[in-house]
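Trainee: Could you take me slowly through the sheet in this model, and through what packs against it?

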Amino acid sequence: MGSKVKRPLQHPSDVEQRVLDGLLAHDGVQQVALLDSDGFATTTSPRHDDTVEQLAQVIGPLDASKATRVSLHGENACVMAERLKGERVIVLKCSTDANLGKIRSLLAQAIASLNALVV
């Protein structure tokens, strides 16, 4: 009889970090943050960039609009935010010359992965 080796379950925070790092690896994406219900960054990519905390400011327009998704286009960057399950928000900052359609598609895939972690 052969025994099957069971792989340990991965901790959700490890999966979250991998999803955010995957987004950051794409052309044009500069910062990504996963925010908790209070607007504090729980997971960021790049990991040790203090300016990523500024991305939390996008929650104001998201709350004001009562929408699940908001995009802000500025002179120097574009910021996208979307509500996730579990009262979380993902925020992504990209360059203005980035392929926004491709980034939105990648963001949708990331959101599906992050929502799958919430039961």
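Mentor: In this predicted model, five strands make up an open sheet whose order is 2-1-5-4-3, and the pairing is antiparallel. Strand 2 (41-45) and strand 3 stand at the edges with a single partner strand each, so one side of each is left without a neighbour in the sheet. From one strand to the next, the twist averages 15°.

Within the sheet, strand 1 and strand 5 run antiparallel and are joined by six bridges, and in this pairing Leu-34 stands opposite Ile-90 of strand 5. Helix 1 packs on the sheet, where it touches strand 1, strand 2 and strand 5, and its direction makes about 155° with that of strand 1.

Strand 1 also holds Gln-31, a residue that deserves a careful look. With a relative accessible area of 6%, Gln-31 counts as buried, because the cut-off for that word is under 20%. Leaving aside neighbours within four places in sequence, Gln-31 is in contact with Leu-24, Ser-45, Pro-46, Asp-49, Thr-51, Val-52 and Leu-55, as well as with Val-91, Leu-92 and Lys-93.

Turning to the cysteines, the structure holds zero disulfides. Cys-78 is in no disulfide, and the nearest cysteine sulfur, which belongs to Cys-94, is 4.3 Å away.

At the start of helix 3, a side-chain oxygen of Asn-99 reaches to within 3.3 Å of the backbone nitrogen of Gly-101. The buried residues of helix 3 are Leu-100, Ile-103, Leu-106, Leu-107, Ala-110, Ile-111, Leu-114 and Asn-115. In an α-helix there are 3.6 residues a turn, so residues three or four places apart point the same way. The buried residues of helix 3 pack against strand 1 (29-35), strand 3 (69-73), strand 4 (78-84) and strand 5 (88-94), and also against helix 1 (12-24).

Methods. Residues are numbered from 1 along each chain as its sequence is written. This is a predicted model: local features need pLDDT of at least 70, side-chain atom pairs count only at pLDDT 80 or more; totals for chains, interfaces and linings use all residues. Side-chain values use heavy atoms; hydrogens and water are left out. Buried means under 20% relative accessible area, exposed over 50%, partly exposed in between (1.4 Å probe, protein chains only). Helices (H or I, at least four residues) and strands (E, at least two) are DSSP runs, numbered from the N terminus. Contact means heavy atoms within 4.5 Å. A polar contact is a pair of N or O atoms within 3.5 Å; within protein, one must be able to donate a hydrogen and the other to accept it, and residues adjacent in sequence count only if both atoms are side-chain atoms. Two strands pair if DSSP finds at least two bridges between them. Axes are lines fitted to C-alpha atoms, for helices over the stretch in contact, and angles run from 0 to 180 degrees between N-to-C directions. A disulfide is a pair of cysteine sulfur atoms within 2.5 Å.
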